[in-house]
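Subject: Structure handover

Hello,

Please find the structure below, with the sequence alongside. My notes on what was found follow after it.

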Amino acid sequence: MTARLFLILCVLGMASPVLADATVVVLGIRSLEGDDEFAKDLTEQLRGAAKTVPGWSVSSAAVSMSQMTLAHGCDDIDASCLSDIAKGLSVERVIYGTVRRNSTGTDYDYALSVSLYDAEAGRIVREVDDTIPQAQIEFNALAARSDKLMARLASNKTGGTIAIHANVAAAAVTVNGQ
């Protein structure tokens, strides 16, 4: 049990790729239900938030994932397609995402999924999901949320959860002596 817990802690403590010092493009967020104005506002706030990330040089290209997949003839948004997009826009990182309503009724919030593709590594290095309440979709209200989302995307920290199940009453678990 101690060896397994130590292994889990070692895996969780491994550093992820450094995401600083890169050229970055934030592609227009895609709306699945036609909430295009909201998606446009969210994209603009995410682009602004990306510009505050230390070491990132954010492209001024105002293009969407839909435009890029058409331009590069991509059937699927996969590593090959994202690599072509990064090359075409001369960037090292591509941020893209999708927003959709989380209910079919009139009382819905928005489910957002945003990803960061690293062209140097050839893979998606971060994916962040969030729920945006319908009451918080005004342009200015999106600024703080966009800052938090971008901080999570740009972070080089890893995290995780450790779950310990024991069938011993009042079991004590220590990690690094604590």
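Helices (H or I, at least four residues) and strands (E, at least two) are DSSP runs, numbered from the N terminus. This is a predicted model, in which local features need pLDDT of at least 70 and side-chain atom pairs count only at pLDDT 80 or more, while totals for chains, interfaces and linings use all residues. Residues are numbered from 1 along each chain as its sequence is written, and side-chain values use heavy atoms, with hydrogens and water left out.

Ser 115 lies in strand S5. With a relative accessible area of 5%, Ser 115 is buried (buried means under 20% relative accessible area, exposed over 50%, partly exposed in between, with a 1.4 Å probe and protein chains only). Leaving aside neighbours within four places in sequence, Ser 115 is in contact with Val 94, Ile 95, Tyr 96, Ile 124, Arg 126, Glu 127 and Leu 153, where contact means heavy atoms within 4.5 Å.

Asp 130 is placed in strand S6. Not counting residues up to four places away in sequence, Asp 130 touches Tyr 110, Ala 111, Leu 112, Arg 145 and Leu 149. From C-alpha to C-alpha, Asp 130 and Ala 111 are 6.0 Å apart in space and 19 residues apart in sequence.

The loop between S4 and S5

Thr 104 sits in the loop between strand S4 (93-101) and strand S5 (110-118). Its relative accessibility is 86%, so Thr 104 counts as exposed. Thr 104 and Glu 33 are 71 residues apart in sequence, and their C-alpha atoms are 10.0 Å apart in space.

In helix H4 (residues 79-89), the buried residues are Cys 81, Leu 82, Ser 83, Ile 85 and Ala 86. Helix H3 (65-71), S4, S5 and strand S6 (123-132) are among the elements that cover them. Just after H4, Ser 90 takes a positive phi of about 55°.

A disulfide is a covalent bond between the sulfur atoms of two cysteines. Here it is counted as a pair of cysteine sulfur atoms within 2.5 Å, and the count by this rule comes to 1 disulfide. That disulfide joins Cys 74 to Cys 81, with an S to S distance of 2.2 Å. The torsion about the S-S bond of Cys 74 and Cys 81 is about 100°, so the disulfide is right-handed. Cys 74 counts as buried at 17% relative accessibility, and Cys 81 is buried with a relative accessible area of 2%.

Helices H2 and H5

The axes of helix H2 (residues 36-50) and helix H5 (residues 141-154) come within 8 Å and cross at roughly 55°. Axes are lines fitted to C-alpha atoms, for helices over the stretch in contact, and angles run from 0 to 180 degrees between N-to-C directions. H2 and H5 are therefore oblique to each other (under 35 degrees counts as roughly parallel, over 145 as roughly antiparallel, 65 to 115 as roughly perpendicular and the rest as oblique). The residues in contact are Phe 38, Asp 41, Leu 42, Gln 45, Leu 46, Ala 49 and Ala 50 of H2, and Leu 142, Ala 143, Ser 146, Asp 147, Leu 149 and Met 150 of H5.

Asp 41, in helix H2, is buried, with a relative accessible area of 14%. Apart from neighbours within four places in sequence, Asp 41 is in contact with Phe 139 and Leu 142.

Regards
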